[in-house]
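Subject: Structure for you to look at

Hi,

Here is the structure I promised to pass on. Have a look at it first, and then read on for what turned up.

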Amino acid sequence: MSQPESAPPSHGAIAAADQDLNDTEFAELDAILADIPAPLEPLDAVMLDGFLCGVIVQPTLLDVDAWLPYVFDAGGHRWGEAEPSPEQKRARALVLRRHAALNRSIAEYGSFDPFVLEPNEDDEIVEDDDGALDAATATAPKGEAELPAPVDPIGAALLPWVAGFEQAVHLLPGLAELDEPEVATTLARLFRFLPEDEHGTAALVARERPLASLGDALAEVVACVAELYELTLPLRYKVDAVRRAAPKVGRNDPCPCGSGRKFKQCHGAAAPA
């Protein structure tokens, strides 16, 4: 993990409380999430990173409370009692710092460093009863079924991150509901790392855009998120025009009240200058 070396010229130095998480804090957050008791099903740190990017590229600006509960439970159920515990407060602070850092980096630089775990060289790929290659299952949120991992180490490394992103798209459907071919194409490029769907989309994308290394795959993930951010940017900050119930009346036009006088000599005279 790393941050850009300097802030954009238009911004001052980033306060320590607003800086991105370091490796120790990522490990701390992952441990807190892992200790959330059943039956809640929290994300882990890798899936969380993808989930946050899925939140950031939504076509609407979302309140924190609209997405934060899903970090601590897949069903959005409350974690703990009415009074937050120190662990809850710490987890919230770390999650929001990572969210802010990702948002800042994507908006200012069009790039970010995904938090993923590099594949373990000792991961074993075995053959199933039909002789087909299969890989060890990937990490899934506590209480959920294990995610079937792709046979290649690149897919295995990126599957949890992309699964977190996909969960945000599923739970916050604004992005998926956009009728934009560019959005659908970019999502297909990103979801190529998920288990194959019935339409064979992942295999088709893999043939059209082959990736030679984990570095290439990470660059593809970053590019997809940056493109989705740019595609939804006009919608996120769209200002609806104010529509009048009736046409605007000029000061020299007849007053709409029907008095026969000019508007400026009738009801317009009471209007503030």
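A disulfide here means a pair of cysteine sulfur atoms within 2.5 Å. By that rule, the structure holds 0 disulfides. Keep in mind as you read that this is a predicted model.

Cys53 has a relative accessible area of 0%, so it is buried. Cys224 is buried as well, again at 0% relative accessibility.

Next, the aromatic rings. A pair of aromatic rings is described by the distance of the centres and the angle of the planes. How many aromatic pairs are there? The count comes to 5. One of them joins Phe72 and Trp79, with 5.0 Å from centre to centre and 50° between the planes, and it goes down as tilted. Both Phe72 and Trp79 are buried.

Another pair is Phe165 with Phe191. Their ring centres are 6.2 Å apart and the planes meet at 65°; over 60 degrees counts as edge-to-face, so that is what this pair is called. Where do the two partners sit? Phe165 belongs to helix α6 (residues 153–171), while Phe191 is in the loop between α7 (181–190) and α8 (201–208), so the pair ties together parts that are 26 residues apart in sequence. Are they buried or exposed? Phe165 is buried, at 0% relative accessibility.

Gln88 is part of helix α5 (residues 86–109). At 12% relative accessibility, Gln88 is buried.

Finally, there are two spots where a charge meets a ring. Arg192 has its charged end over the ring of Phe193, 5.6 Å from the ring centre. In the other, the charged end of Arg236 sits over the ring of Tyr229, with 4.3 Å to the centre.

That's it from me. Happy browsing!

Best wishes

Terms used
Residues numbered from 1 in each chain as written. Predicted model: local features only at pLDDT ≥ 70, side-chain atom pairs only at ≥ 80, totals over all residues. Heavy atoms only, no water. Buried < 20%, exposed > 50% of the residue type's maximum accessible area, 1.4 Å probe, protein only. Helix = DSSP H or I, 4+ residues; strand = E, 2+ residues; numbered from the N terminus. Phe/Tyr/Trp six-rings, centres within 6.5 Å; stacked < 30°, edge-to-face > 60°. Lys NZ or Arg CZ within 6 Å of the ring centre and 35° of its normal.
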